[in-house]
Amino acid sequence: MLSAGPQRLLLLLLSCVTLVLLFQVADAKRDLTGACVTCQQITDNFNKGLERTVKQNFGGGNTAWEERKLSKYETSEIRLMEIVEGLCDSSSFECNRMVEEHEEHFETWWFKRKAKHPDLHKWFCIETIKVCCPKGTFGPDCNSCVGGSDRPCHGNGMCDGDGTRGGNGKCSCDHGYKGEFCLDCIDGYFNEVRNDTFSLCTECDTSCKTCTGATNQECDECKEGWEEDDQEACVDVNECASDSSPCEEDQYCLNTEGSYSCKACDSVCSSCTGAGPDKCQACASGYQDTEGTCTDIDECSQPEAVCTEEHRECINTKGSYTCICSSGYEEQDGECVQTPQPGHCEGRTMNELTPALVTLYKTQTLAGRKSVRRRAEEQLGLHV
């Protein structure tokens, strides 16, 4: 019997081998599918080349002589080569590799098979190099998809590998359908028509999670946000009608089908029942109730002054007010001081100051004149 160490090593080795095999299988499936996609692209481009060259000729100046002596351009090797040269982008390695590997097949089809096999994709991709399958079939042997090749997945989905030599044939169902054969309906849909080969899934009423018919009275189960009424029909729950609002204090509740949303109150409200200043339950700070509507309080018109500092006056704003210096005064260090009159210094003219100091004072902003004032005091021995 193997010891614990060798057993773990063997299990690890087996896991690695399994992963490698899985990756190889996945790569093989991608290669099979990718080869068909490349071949389809080549034959599509070949048909475009046919259309592009349909009205061309040899271009040598004497077309009649050339066609008499060489052949008709329409079926010439020159036209074939012009078409083949445009089948792939220079950067598409797989496309160029496939064309180079099977170039003789294009010549065979062009000169010998085109009349009998006009469908190049079918002759080249499906029957000759065998990288594709007919529509509705898949895999190496081109087996029919679930539901049959005429209606893969019963017309309600996509067959994995459809039209290629890859894939597993399983169905990816369209929205509304589910199950191996895409004949069953997902939640929110019901079978309007159903038999062994055909299914039509129709959407339930918006109130139903599951249903047997199209109306809100045919719900098996109501969706969240709906509830059964006395007639066993699913009806909307009005979340906004509850005693305690699901929204914040400065929001109002707006009911929607199966849900609700919270909207911000008007800026004049601290709480409200809807949009606008007339829907306030309580007014915000700085506002007052005036005949059922919150309006701005003019603090500056109150009997008791709100701007009490000397030389300040009140300016009303929405929901508040501000205090500014009165006319003739300016803000300095949080106080309102008298604005100096240009050209005078408390009874003495500025001509008594040095010209440089006068110029400096005049060009400074109000806030910058403070230092100039101190220099003037030193020169004149007074306050400027």
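Mentor: Start with a definition: a disulfide is a pair of cysteine sulfur atoms within 2.5 Å. By that test, this predicted model holds 19 disulfides.

Trainee: What makes C39 and C125 a disulfide?

Mentor: Their sulfur atoms lie 2.0 Å apart. The cut-off is 2.5 Å, so the pair qualifies.

Trainee: Why is the disulfide of C39 and C125 called left-handed?

Mentor: Look at the torsion about the S-S bond. For C39 and C125 it is about -95 degrees, so the disulfide is left-handed.

Trainee: Which parts of the chain does the pair link?

Mentor: Distant ones: C39 sits in helix α1 and C125 in helix α6. The two cysteines are 86 residues apart.

Trainee: How do you know that C39 and C125 are buried?

Mentor: Buried means under 20% relative accessible area. C39 has 0% relative accessibility, so C39 counts as buried. C125 also comes out at 0%, so C125 is buried too.

Trainee: Take C222 and C234. How far apart are their sulfur atoms?

Mentor: They are 1.9 Å apart, and the pair forms a disulfide. The torsion about that S-S bond is -90 degrees, and the link is left-handed. C222 belongs to strand β10 (residues 219-222) and C234 to strand β12 (residues 234-236). They are twelve residues apart.

Trainee: Why does C222 count as buried?

Mentor: Its relative accessible area is 17%. The limit is 20%, and C222 falls under it, so the label holds. C234, at 4% relative accessibility, is buried as well.

Trainee: Now C283 and C294. What makes this pair a disulfide?

Mentor: Their sulfur atoms are 2.0 Å apart, and the definition asks for a distance within 2.5 Å. The torsion about the S-S bond is about -90 degrees, so this disulfide is left-handed. C283 lies in strand β16 (residues 280-283) and C294 in strand β18, eleven residues apart.

Trainee: Why is C283 called partly exposed?

Mentor: C283 has 24% relative accessibility. Buried is under 20% and exposed is over 50%, so a value in between is partly exposed. C294 has a relative accessible area of 7%, so C294 is buried.

Trainee: Which residues touch the most other members of the largest nonpolar core?

Mentor: C39, I42, F46, L87 and F124, out of 24 residues. Helices α1 (4-52), α3 (77-85), α4 (93-101), α5 (103-113) and α6 (120-128) each supply at least two residues of this core. Nonpolar side chains tend to be buried together in soluble globular proteins.

Trainee: What does F124 contact, leaving aside neighbours within four places in sequence?

Mentor: F124 is in contact with C39, T43, H102, H105, F106, I129 and K130. To count, heavy atoms must come within 4.5 Å.

Trainee: Which residues does the second core include?

Mentor: Among them are C265, V268, C280 and C294. This core is separate and has nine residues.

Trainee: What is the phi of E291?

Mentor: Phi is near 55 degrees, a positive value in a residue other than glycine. E291 sits in the loop between β17 (287-290) and β18 (293-296).

Trainee: Is E291 buried or exposed?

Mentor: Exposed: its relative accessible area is 82%, and the cut-off is over 50%.

Trainee: What makes D333 exposed?

Mentor: D333 has 66% relative accessibility. That is over 50%, so D333 counts as exposed. D333 lies in the loop between β21 (329-332) and β22 (335-338). Its phi is positive, about 55 degrees, although D333 is not a glycine.

Trainee: What is the mean pLDDT of the protein chain?

Mentor: It is 84, and 77% of the residues reach 70 or more. Over residues 18-29, however, the pLDDT is below 50. That stretch has zero contacts in the model beyond near neighbours in sequence. Where pLDDT is low, the predicted coordinates should not be read in detail.

Key
Residues are numbered from 1 along each chain as its sequence is written. This is a predicted model: local features need pLDDT of at least 70, side-chain atom pairs count only at pLDDT 80 or more; totals for chains, interfaces and linings use all residues. Side-chain values use heavy atoms; hydrogens and water are left out. A nonpolar core is a set of buried Ala, Val, Leu, Ile, Met, Phe, Trp, Tyr and Cys residues joined through side-chain atoms within 4.5 Å. Buried means under 20% relative accessible area, exposed over 50%, partly exposed in between (1.4 Å probe, protein chains only). Helices (H or I, at least four residues) and strands (E, at least two) are DSSP runs, numbered from the N terminus. pLDDT is the predictor's confidence in each residue, from 0 to 100.
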